[in-house]
Amino acid sequence: MMAYYSLVASLPSLQIGDEPPVSVEQYIENCSQWITERETGILKAVLLNEPVAAPCPLCKAWHNLETQLRNAVARHRGQKLGVDFKEYIQPHEGFSGTVEVLVKDAFTRSDPLELEQELDRARWQLAEELIGEDTFGFSKVLAYGIQLKIVERWNSMDVSVGKGNIEAVITANTEKEEVAETE
């Protein structure tokens, strides 16, 4: 595996809630000067959900972790709401006890915002675990991209847009109930 000492050393630190230093697209473009074309394709696949041309162990590892995390979230939400969650469960390879513990811990939060933050902190930690011994290799470049995407997501949230979305959902559900009651 190639080491990208100067690229990794030049990456600014990230924290959820901070302004992202660059966009995910700019990050991929900047990295493409240093990494291989195949690795650029992997970044695009994982960070932008573009299809990957060749099998990619890192893509598969991240996909499996993310799928297990989403399944755990569906299971917890389904159990909490008394909804059958089995139709939302997606197949994945392997099993990580860490994912289950992180999601279980996240669901101890009663505030939905704190719950979402904990789930993204779980993703952050799982991205760190992808690095393993490859601290200056492509695994680090990919993990940083995943974390940048999380920072970008939180930075793009807008309170007034969120309130508008909640009001729209409440209005739609209220209208459904009124229609159901008149039938």
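Predicted model: local features only at pLDDT ≥ 70, side-chain atom pairs only at ≥ 80, totals over all residues.
Mentor: Residues are numbered from 1 along each chain as its sequence is written, and side-chain values use heavy atoms, with hydrogens and water left out.

Trainee: How many helices and strands does the chain have?

Mentor: Helices (H or I, at least four residues) and strands (E, at least two) are DSSP runs, numbered from the N terminus. Along the sequence the pattern reads α-α-α-α-α-α-α-α. The count is eight helices and zero strands.

Trainee: Which residue just after H4 takes a positive phi?

Mentor: The place to look is just after the end of H4, where phi is about 70 degrees. The residue is Gly82.

Trainee: Are H6 and H7 roughly parallel or roughly antiparallel?

Mentor: Axes are lines fitted to C-alpha atoms, for helices over the stretch in contact, and angles run from 0 to 180 degrees between N-to-C directions. Angles under 35 degrees count as roughly parallel, over 145 as roughly antiparallel, 65 to 115 as roughly perpendicular and the rest as oblique. The axes of H6 (residues 112-131) and H7 (residues 138-155) come within 7 Å and cross at roughly 170 degrees. That makes the two helices roughly antiparallel.

Trainee: How many nonpolar residues are in the contact of H6 with H7?

Mentor: Contact means heavy atoms within 4.5 Å, and the residues making it include Leu113 and Trp124 of H6 and Leu142 and Ile146 of H7. Ala, Val, Leu, Ile, Met, Phe, Trp, Tyr, Cys and Pro count as nonpolar, Asp, Glu, Lys and Arg as charged, and the others, Gly among them, as polar. Three residues of this contact are polar and six charged, and the nonpolar ones number eleven.

Trainee: At what angle do H5 and H6 cross?

Mentor: Among the residues that meet are Val99 and Leu102 in H5 and Leu119 and Leu126 in H6. H5 and H6 are roughly antiparallel to each other. Their axes come within 8 Å, and the crossing angle is roughly 160 degrees.

Trainee: How far apart are the axes of H2 and H3?

Mentor: H2 (residues 24-31) and H3 (residues 37-48) pack at an angle of about 170 degrees, which makes them roughly antiparallel. Tyr27 and Ile28 in H2 are among the residues that meet H3, where Leu43 and Leu47 are among the partners. The distance between the axes is 10 Å.

Trainee: Which residue meets Lys60 in a salt bridge?

Mentor: A salt bridge is a side-chain nitrogen of Lys or Arg within 4 Å of a carboxyl oxygen of Asp or Glu, and the structure holds ten. Lys60 lies in H4 and its partner in the loop between H4 and H5 (97-106), so the pair ties together parts 33 residues apart in sequence. The N to O distance is 3.3 Å, and the partner is Glu93.
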